[in-house]
Amino acid sequence: MKEDANILVEKQKFYIAEFEQEAAWLSFMHKEGWKFLSTDGFHYRFEAAEKEDWCYQLDYKQNGAAEDDYLQLYRDFGWEFAGQYQNWFYFRKKCAEGEAPDLSVFSDRESRLELCRRIINGQFLRMLPVCFLLMLYSYLVFFTGFLDLKGFMGGLLNGIAYGAVIVFLFIFGLYINQISRLNKMMKNLGDTK
């Protein structure tokens with residue numbers, strides 16, 4: 001979807017364990033002439049640019065704060081700060097001739113393991129309130145008769161309550177799946193020496 005001739009908005013969804021795929025896609029888009037501007041997690045805004053090879057990289061910070069020393073560390077390694085969405089930070093740099101877009105700041109096994117650990121820990125802390133709400137809500141709905149109402153309104157509220165539990169379970173399952181994928185990545189990194 002285009003806003004104007006120089007701005008492109010693409011709808012795309014990447015999950016937490018797909019940060020490498022997201023970086024590769026952003027690199028591809030830049031090579032196609034679209035420089036990454038921002039994202040809200042579903043929509044990516046790009047600006048028309050020269051068709052060049054740029055490497056993109058994502059980093060995850062639990063506190064979500066872009067301190068000057070953090071950004072300076074990336075600048076020291078030649079990375080340009082491209083944007084932030086929640087706890088995810090986007091960086092880019094011009095690829096050297098023949099260089100493949102990769103996570104070159106996280107080039108060694110330990111730094112990649114640490115990135116996966118930060119993502120898991122941050123997402124686990126983020127998931128705790130959802131788990132607590134799911135358990136409390138399930139307890140109220142299924143065990144206390146909290147919404148044991150009669151008639152049309154009772155049926156409607158019970159349907160909404162059961163639907164909400166299903167949505168919570170779906171979200172919880174998505175997070176568990178992503179954490180499992182990150183754990184598998186960590187296991188694979190641990191096995192290669």
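1. Where does Gln 86 lie? Gln 86 is found in the loop between E6 and E7. The model is a predicted one, and in it the phi of Gln 86 is near 50°, a positive value in a residue other than glycine. With a relative accessibility of 37%, Gln 86 counts as partly exposed, because partly exposed covers the range between the 20% limit for buried and the 50% limit for exposed.

2. The overall layout comes next. The protein chain holds four helices and seven strands. Starting at the N terminus, their order is β-β-α-β-β-β-α-β-β-α-α. The protein chain has 193 residues, of which 37% count as buried. Among the contacts with a separation of 6 or more, 62% are between residues 24 or more positions apart.

3. An open sheet of three strands is built in the order E5-E7-E6, and its pairing is antiparallel. E5 and strand E6 (80–85) are the edge strands, each pairing on one side only. From one strand to the next the twist averages 25°. Helix H1 packs on this sheet and touches E5 and E7; the direction of H1 makes about 150° with that of E5. Helix H2, residues 68–76, lies across E5, E6 and E7 and runs at about 25° to E7.

4. Strand E5, residues 54–60, deserves a separate look. Seven bridges join E5 to strand E7 (residues 88–94), and the two run antiparallel. One of the residues with a partner in E7 is Asp 59, whose bridge partner is Phe 89. How many of the residues of E5 are buried? Seven of its seven residues are, so that the strand is mostly covered, given that buried means under 20% relative accessible area. In a regular strand the side chains alternate between the two faces of the sheet. In E5, Trp 54, Tyr 56, Leu 58 and Tyr 60 point one way, while Cys 55, Gln 57 and Asp 59 point the other way. Residues of both sets are buried.

5. Ser 27 sits in helix H1, which covers residues 19–31. Its relative accessibility is 4%, so Ser 27 counts as buried. The side chain of Ser 27 reaches the backbone oxygen of Trp 54 at a distance of 3.2 Å.

6. The largest nonpolar core has 30 residues. Which of them touch the most other members? They are Phe 19, Leu 26, Phe 46 and Leu 182. Two or more residues of this core come from each of H1, strand E3 (34–39), strand E4 (43–48), E5, E7, helix H3 (109–143) and helix H4 (151–191). Another core, of eight residues, lies apart from it and includes Leu 71, Tyr 74, Phe 91 and Cys 95.

7. Phe 46 can be followed in more detail. Leaving aside neighbours within four places in sequence, Phe 46 is in contact with residues including Asn 6, Ile 7, Leu 8 and Glu 10. Its contacts also include Trp 25, Leu 26 and Met 29, as well as Trp 34, Lys 35, Phe 36 and Leu 37.

8. The aromatic rings form 16 pairs. A pair of aromatic rings is described by the distance of the centres and the angle of the planes. For Phe 14 and Tyr 44 the centres are 6.2 Å apart and the planes are at 90°, so this pair is edge-to-face. Phe 14 lies in the loop between strand E2 (7–11) and H1, and Tyr 44 in strand E4; the two are 30 residues apart, and the pair links distant parts of the chain. Phe 14 and Tyr 44 are both buried. Ring pairs also link Phe 14, Trp 25, Phe 36, Tyr 44, Phe 46, Tyr 56 and Tyr 90 into a cluster.

9. A further ring pair is found in helix H2. The ring centres of Tyr 70 and Tyr 74 are 5.4 Å apart and the planes are at 70°, so this pair too is edge-to-face. Tyr 70 and Tyr 74 are separated by about one helical turn, because they are four residues apart in helix H2. Tyr 70 counts as buried at 11% relative accessibility, and Tyr 74 counts as buried at 3%.

Key. Residues are numbered from 1 along each chain as its sequence is written. This is a predicted model: local features need pLDDT of at least 70, side-chain atom pairs count only at pLDDT 80 or more; totals for chains, interfaces and linings use all residues. Side-chain values use heavy atoms; hydrogens and water are left out. Buried means under 20% relative accessible area, exposed over 50%, partly exposed in between (1.4 Å probe, protein chains only). A polar contact is a pair of N or O atoms within 3.5 Å; within protein, one must be able to donate a hydrogen and the other to accept it, and residues adjacent in sequence count only if both atoms are side-chain atoms. Two strands pair if DSSP finds at least two bridges between them. A nonpolar core is a set of buried Ala, Val, Leu, Ile, Met, Phe, Trp, Tyr and Cys residues joined through side-chain atoms within 4.5 Å. Contact means heavy atoms within 4.5 Å. Axes are lines fitted to C-alpha atoms, for helices over the stretch in contact, and angles run from 0 to 180 degrees between N-to-C directions. Rings of Phe, Tyr and Trp (its six-membered ring) pair if their centres lie within 6.5 Å; planes under 30 degrees apart count as stacked, over 60 as edge-to-face and the rest as tilted.
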